[in-house]
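Please keep the structure in view while reading.

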Amino acid sequence: MSITPLGGYSNMNYSVTDLDNKHYVLRLSSINRSSESLNHECHVLSRLEQKDLSIAPKLINKNNYSLFIKYSDTKHSVSLFEKIPGKIDCLWWEECSDDKILKIFCSLAKLHLQMSDISPLNSEDFKSSSFNLPSQIYSISATSEVKSYLLKNWKIFCQSAEILKKDIDCYFPWKEASYQWIHGDIQMENIIFKEDEVAAFIDFESVKWDSCEKDAIFSAFRVCRKGKSDEYFEYNANKLKISLNQYLKENPYVNRSFFSMYDSLWKFYYCLDQTILYLKNALEGVWTLREGIGFLPCFKEVILYKTIY
């Protein structure tokens, strides 16, 4: 048996080859992975496997998915997946071709359609994700420069975030959105390509009950972002339109009224969502906020919303 480190940001991933030359990926989860999140991932992946859907990973330890081990004095869940042949074509800040953009969003639409009839585990799953800013950030894990900037601008960030959320709630008909299980983290490092085709989406850790419309649009911003500058968030507007037009072509059941205002509303909402994710993980000791990881552009973009609108 051989085990080779594959890396990871919040997780630790390993390539495993057994004595029969079968290939797997072993994942040690981030230290803040909840049992509820594990239940959701196992539930959705199990149902997708029953549908024989090839664009999702197959979880091997379904009957023991809640196994936790202690590693370097921290607790991690252990998950084993069949290894999917192929490779990751681009890093999270790199742009891919228009042709691959079309294939990604054609596949995402198909994934959403396959997930649409997967039932929730309980009534709590029907509640879509909410907008929650941390109550304090003094204990956050960050470099001195980033922490200083964060503390200096925290008040105006919170004010701008509240204004943005009210505008988003008022402008779009959220009661008429298509709610179901979604992937929640489609980005270039979570997509496996084989021979220039989408082989699979991986990393279903963020799977949750939310709207397809939001998942598709947030996915487009992740896939179409440009570079990792610490200035304001940049994305390729033409690629974003191409991606969402393809998604709408393949999934006619979503509410099309959400697919507008990309630059004036959705960009800022996406940046707010990402900022909250960064803050949560930094407060829980998973990440350290620093330059060059994508946090500062999103944080700055949310502040900008208040000054523009």
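The model is predicted. Its five strands form an open sheet in the order 1-2-3-5-4, with antiparallel pairing. Strand 1 (2-7) and strand 4 (68-71) stand at the edges; each has a single partner strand, so one side of each is left without a neighbour in the sheet. On average, neighbouring strands of this sheet are turned by 35° against each other, direction ignored. In general, strands of a sheet pair through backbone hydrogen bonds.

Within the sheet, strand 2 and strand 3 are joined in the antiparallel sense by six bridges. Valine 16 stands opposite tyrosine 24, which belongs to strand 3. Helix 1 (residues 35-50) packs on the sheet and touches strand 3, strand 4 and strand 5 (74-82). The direction of helix 1 makes about 5° with that of strand 5.

Two residues may now be set side by side.

| Residue | Relative accessible area |
|---|---|
| Leucine 19 | 77% |
| Serine 107 | 11% |

Leucine 19 lies in the loop between strand 2 (12-17) and strand 3 (23-28). Leucine 19 counts as exposed because its relative accessibility, 77%, is over 50%. Together with Met1 and Ile3, Leu19 forms a nonpolar patch on the surface, and the three have about 400 Å² of accessible area together.

Serine 107 is located in helix 2 (residues 98-115). Serine 107 is buried because its relative accessible area of 11% is under 20%. Leaving aside residues up to four places away in sequence, serine 107 touches Ile55, Val198 and Phe201.

Methods. Residues numbered from 1 in each chain as written. Predicted model: local features only at pLDDT ≥ 70, side-chain atom pairs only at ≥ 80, totals over all residues. Heavy atoms only, no water. Patch = residues over 30% accessible without salt bridge, like charges linked within 9 Å, V, L, I, M, F, W, Y side chains within 5 Å. Areas by Shrake-Rupley, 256 points an atom, 1.4 Å probe, with all protein chains shown as cover. Salt bridge = Lys/Arg side-chain N within 4 Å of Asp/Glu carboxyl O. Helix = DSSP H or I, 4+ residues; strand = E, 2+ residues; numbered from the N terminus. Buried < 20%, exposed > 50% of the residue type's maximum accessible area, 1.4 Å probe, protein only. Pairing = 2+ DSSP bridges. Axes fitted to C-alpha atoms, helices over the stretch in contact; angles between N-to-C directions. Contact = heavy atoms within 4.5 Å.
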